[in-house]
Amino acid sequence: MIITRRQLLKKGLLLGTAGLAAQHGMLRAAHASDGSKSAAPTPPPELFDSQALDIEFWVKPRTLDLIRPATGERSKLLYWKDGEVLEPAYQQLCHMLRDVNGKQTAPMDPKLLETLWATQAYVARFGMTRPLEILSGYRTQASNQRLIEEGVPAARKSLHMEGKAADIRIPHLHEEVLGELIQSFRQGGVGFYYRQSAQGGWIHTDTGLQRSWKG
Ligand SMILES: [Zn+2]
C-alpha cells in the first residue's frame, strides 16, 4: 500500500521543519510543549514504491552505517561490491548484529543485510543519512526466551535466532513509513511495533515468508 498525502496528514506524521526529508513528509510529528502538533505540513510525494528503483541502485557498491543504541557502537562498512559480499566487512556486520545480551555472534543472512542496506540507501535519497539503529539482531535461544518471559514481543520460533531478522529504527522516521518502505522490497516479513515514546516504535524485518503484522 502506498501512503497517500491524505493518510499522512490524518495521522499527523508531518513535521514542519526545513530539510528535504521533512519536505517529503517522512518525519515523525513534533509535539509542541502545549501538546499541539506542529503546523505547516508540506505535501509528501508517493515515494514508497521501491519496485520503481532502477538497476543502477542495485549494482552500486553497498555501504551500511549501523548503530547499536544498547552499546553505543557504530560501524560504517562497505560490505558488498561487484556482486560479492566482502568477507571482513561481513564479519564486522555480524558482530554489530550480534546478541549483545547473550554475547554471541552468528552468521547473518546476506539477504537481511541487503534489506537493511536498501532501506538505508533509499531514504538517503531523501536526505536521511543518519545511521540505522539496530535494536535487536541475532538472538540466542536463551535471550529470546528471556524476552518472552519479560513480556517483550518475541516469537517462540523467532527468525532472530536464525540470524534472519532485525528490529530497527531510523531516527525521526515514523515506523509506519519505514515499515511500508521495507514491505515494498518484498523480501520477507515486516512487523510494525508502534509505541508512543519520544523515539517512537520500531520495525521488525526478516527474510522469512512475506507477511506483515502489528505488535
Ligand atoms: Zn524482531
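Q: What makes two residues count as being in contact?
A: Two residues are in contact if their C-beta atoms, placed from the backbone, lie within 7 Å. In this predicted model, contacts of the protein chain between residues at least 6 apart in sequence can be sorted by separation, and 56% of them join residues at least 24 apart.

Q: What does the protein chain consist of in terms of helices and strands?
A: The protein chain holds seven helices and eight strands. Of its 215 residues, 37% count as buried.

Q: Why is I134 called buried rather than exposed?
A: The cut-off for a buried residue is 20 or more other C-beta atoms within 10 Å of its own. I134 has 26 such atoms within 10 Å, and therefore I134 is buried. I134 belongs to strand 4, residues 132-136.

Q: Which residues does I134 touch, not counting residues up to four places away in sequence?
A: I134 touches L66, R68, M96, L97, A166 and I168, with residues up to four places away in sequence left out of the list. For one of these, M96, the separation from I134 is 38 residues in sequence and 8.3 Å in space, C-alpha to C-alpha.

Q: What is the order of the strands in the open sheet?
A: The eight strands of the open sheet follow the order 3-2-1-4-5-7-6-8, and their pairing is mixed.

Q: Which residues of helix 4 are buried?
A: A89, L93 and M96 are buried in helix 4. These residues lie on the same side of helix 4, because they cover an arc of only 55 degrees around the axis. What covers the buried residues of helix 4 includes strand 1, strand 2, helix 5 and strand 4. The face turned away from the buried side carries E87 and P88, which are exposed.

Q: Which way do strand 5 and strand 7 run, parallel or antiparallel?
A: Strand 5 (residues 165-169) and strand 7 run antiparallel and are joined by four bridges. In this pairing, D167 has H204 of strand 7 as its bridge partner. Two bridges are enough for two strands to count as paired.

Q: How many bridges join strand 6 to strand 7?
A: Four bridges join strand 6 to strand 7, and the two strands run antiparallel. Here V190 has T205 of strand 7 as its bridge partner, and Y193 stands opposite W202 of strand 7.

Q: In which sense do strand 6 and strand 8 pair?
A: Strand 6 and strand 8 are paired in the parallel sense, over three bridges. G191 stands opposite W213 in strand 8.

Q: What makes strand 7 largely enclosed by the rest of the structure?
A: Five of the five residues of strand 7 are buried, so the strand is largely enclosed by the rest of the structure. One side carries W202, H204 and D206 and the other carries I203 and T205, and all of these are buried.

Q: How do you know that helix 7 is mostly covered?
A: In helix 7 (residues 175-184), 10 of its 10 residues are buried. What covers these buried residues includes helix 5 (110-124), strand 6 (190-193), strand 7 (202-206) and strand 8 (212-214). Helix 7 lies across strand 6, strand 7 and strand 8, and runs at about 175 degrees to strand 6.

Q: Why does R186 count as exposed?
A: R186 has 11 C-beta neighbours inside 10 Å, so R186 counts as exposed. R186 sits in the loop between helix 7 and strand 6. Its phi is near 55 degrees, a positive value in a residue other than glycine.

Q: Is D82 buried or exposed?
A: D82 has 7 other C-beta atoms within 10 Å, and is therefore exposed. D82 lies in the loop between strand 2 and strand 3. The phi of D82 is positive, about 50 degrees, although D82 is not a glycine.

Key: Residues are numbered from 1 along each chain as its sequence is written. This is a predicted model: local features need pLDDT of at least 70, side-chain atom pairs count only at pLDDT 80 or more; totals for chains, interfaces and linings use all residues. A residue is buried if 20 or more other C-beta atoms lie within 10 Å of its own, exposed if 12 or fewer, and partly exposed in between; C-beta atoms are placed from the backbone. Axes are lines fitted to C-alpha atoms, for helices over the stretch in contact, and angles run from 0 to 180 degrees between N-to-C directions. The arc is that of the directions from the helix axis to the C-beta atoms.
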